[in-house]
Amino acid sequence: EARTPLSVFDQMESEVRSYCRSFPVVFTRASGHTIWDRSGKAYIDFFAGAGALNYGHNDPAIKRKLIDYLAKDGLTHSLDMATEAKEALLKAFEEKILKPRGLSYKVMFPGPTGTNSVEAALKLARKATGRETVMSFTNGFHGMTIGSLSVTGNRMKRRGAGMPLTHTLALPYDQYMGSELDTTLYIERLLEDDGSGVSLPAAMILETVQGEGGIHVASIPWLQKIEGICRKHDILLIVDDVQMGCGRTGTFFSFEEAGIQPDIVCLSKSIGGYGLPLALTLIKPELDLWLPGEHNGTFRGNNLAFVAATESLRYWENDQLCRTVLEKGSIVRTRLEKLQREYPYLQGKVRGRGLMQGLAVGVDGLAEKICAEAFERGLILETSGPKSEVMKVMPPLTITEEALLAGLDILEASIKACKEEEKQ
Ligand code: PMP
């Protein structure tokens with residue numbers, strides 16, 4: 001029996017459970033872009049571990065490296081001690097990622113997960129500037145700990161912290177609420193006008209594409225203007241590339257195309273290569289103001305994640321992955337646009353970049369209903385946005401074209417089935 005009702009999960013796990021409600025089966029194994037449940041049913045993965053599995057499940061080359069490492073009794077846990085596995089990752093990151101892009105960052109290991117990277121960035125920005133607040137953007141998502149949640153633009157998530165969080169000002173993101181207005185004009189005035197009463201922040205933190213917030217895409221000129229505003233007022237620019245980094249948009253960093261150079265970059269999810277917990281905070285060398293031991297934590301030395309991450313960087317030795325991401329992204333985009341045209345009942349809008357594409361649905365609850373139908377038919381995809389209104393297509397970057405098309409066919413069939421139901 002694959003399903004879970006009234007199981008040990010319901011009896012023992014807290015009500016806070018979320019994904020297991022959308023995908024109510026017990027999963028057993030996975031390979032590439034496919035996941036199997038306990039009954040043996042296969043699902044095409046358009047979810048990719050919320051962005052942690054850009055290279056797919058159980059990549060064979062990474063798996064071999066991990067098995068070899070374990071067979072030799074390599075250290076698994078080492079706090080922030082120097083190990084060969086960490087040395088190999090730092091070297092590969094410098095050679096394959098930073099150097100070819102002309103980027104100069106020091107690497108900090110802030111803790112195992114995305115929110116740890118954001119917390120370190122917020123702390124460092126305050127320490128470096130002596131300013132208190134960090135400005136963030138409407139619909140931004142940066143994590144669930146108190147600091148990262150205080151820069152997250154989602155009321156429901158913020159309520160999870162009980163009392164109101166120390167307020168950081170939420171600035172309007174590009175095309176906020178579908179507006180054509182240039183929101184950078186407002187932001188500039190707010191910072192320059194004494195009458196606004198707004199103090200200059202230590203930093204601004206943003207995603208170039210808002211993954212959780214509804215797949216809102218910042219335009220290149222908007223990003224460049226935001227960078228200009230930051231430079232003008234000595235505000236540090238933090239790009240949170242936890243979800244969009246590691247190739248999701250077709251380049252390793254999501255900001256490469258815009259030509260901006262953030263002061264701090266947050267990476268996690270797919271940097272772990274194999275779904276293993278790892279986070280990096282990249283900081284401009286002149287910002288390395290930490291005193292030894294000033295930011296520590298027990299799980300900053302996951303050597304299995306270092307081994308997996310190092311091997312995953314082989315995908316970046318040439319531009320093949322980037323090219324296929326753009327090709328597959330455009331297949332998805334074209335199909336979503338077709339669905340938008342052919343199913344007006346959706347009141348759909350297509351948004352996205354690279355292999356992060358979404359179809360925003362204008363009818364309350366409908367996106368979730370279609371995703372549930374798709375799950376029954378063997379496709380895992382999730383919704384995003386404040387009202388779960390966007391169907392989010394985010395497969396592993398390594399998905400085959402055949403599986404991509406099969407998944408899109410399931411999505412189309414699900415949209416059609418839900419339309420038939422609406423009519424009745
Ligand atoms: N930043 C972004 C952009 C994210 O998408 C997420 C996770 N969805 C986080 C931060 C937080 O990462 P984690 O869940 O690993 O703490």
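Analyst: Helix α12 passes α14 in a right-handed crossing. Right-handed here means that the near helix is turned clockwise from the far one by less than a right angle, left-handed that it is turned anticlockwise. The model is predicted: local features need pLDDT of at least 70, side-chain atom pairs count only at pLDDT 80 or more, and totals for chains, interfaces and linings use all residues. Residues are numbered from 1 along each chain as its sequence is written, and side-chain values use heavy atoms, with hydrogens and water left out.

Helices are DSSP runs (H or I, at least four residues), numbered from the N terminus. α12 spans residues 320–342 and α14 residues 401–423. Their axes come within 11 Å and cross at roughly 15°. That makes α12 roughly parallel to α14 (angles under 35 degrees). Axes are lines fitted to C-alpha atoms over the stretch in contact, and angles run from 0 to 180 degrees between N-to-C directions.

Contact means heavy atoms within 4.5 Å. On the α12 side, the contact residues include Ile331, Arg335 and Leu339. Those of α14 include Leu404, Leu408 and Ile415. The residues of this contact between α12 and α14 divide into nine nonpolar, no polar and seven charged. Nonpolar covers Ala, Val, Leu, Ile, Met, Phe, Trp, Tyr, Cys and Pro; charged covers Asp, Glu, Lys and Arg; the others, Gly among them, are polar.

Now the other neighbour. Helix α13 (residues 366–376) packs with α14 at an angle of about 120°, their axes 9 Å apart. The crossing of α13 and α14 is right-handed. Leu366 and Ile370 are among the α13 residues that meet α14, where Leu411 and Ile415 are among the partners. By class, the α13 contact with α14 has eight nonpolar, one polar and four charged residues.

Terms used:
Helices (H or I, at least four residues) and strands (E, at least two) are DSSP runs, numbered from the N terminus. Angles under 35 degrees count as roughly parallel, over 145 as roughly antiparallel, 65 to 115 as roughly perpendicular and the rest as oblique.
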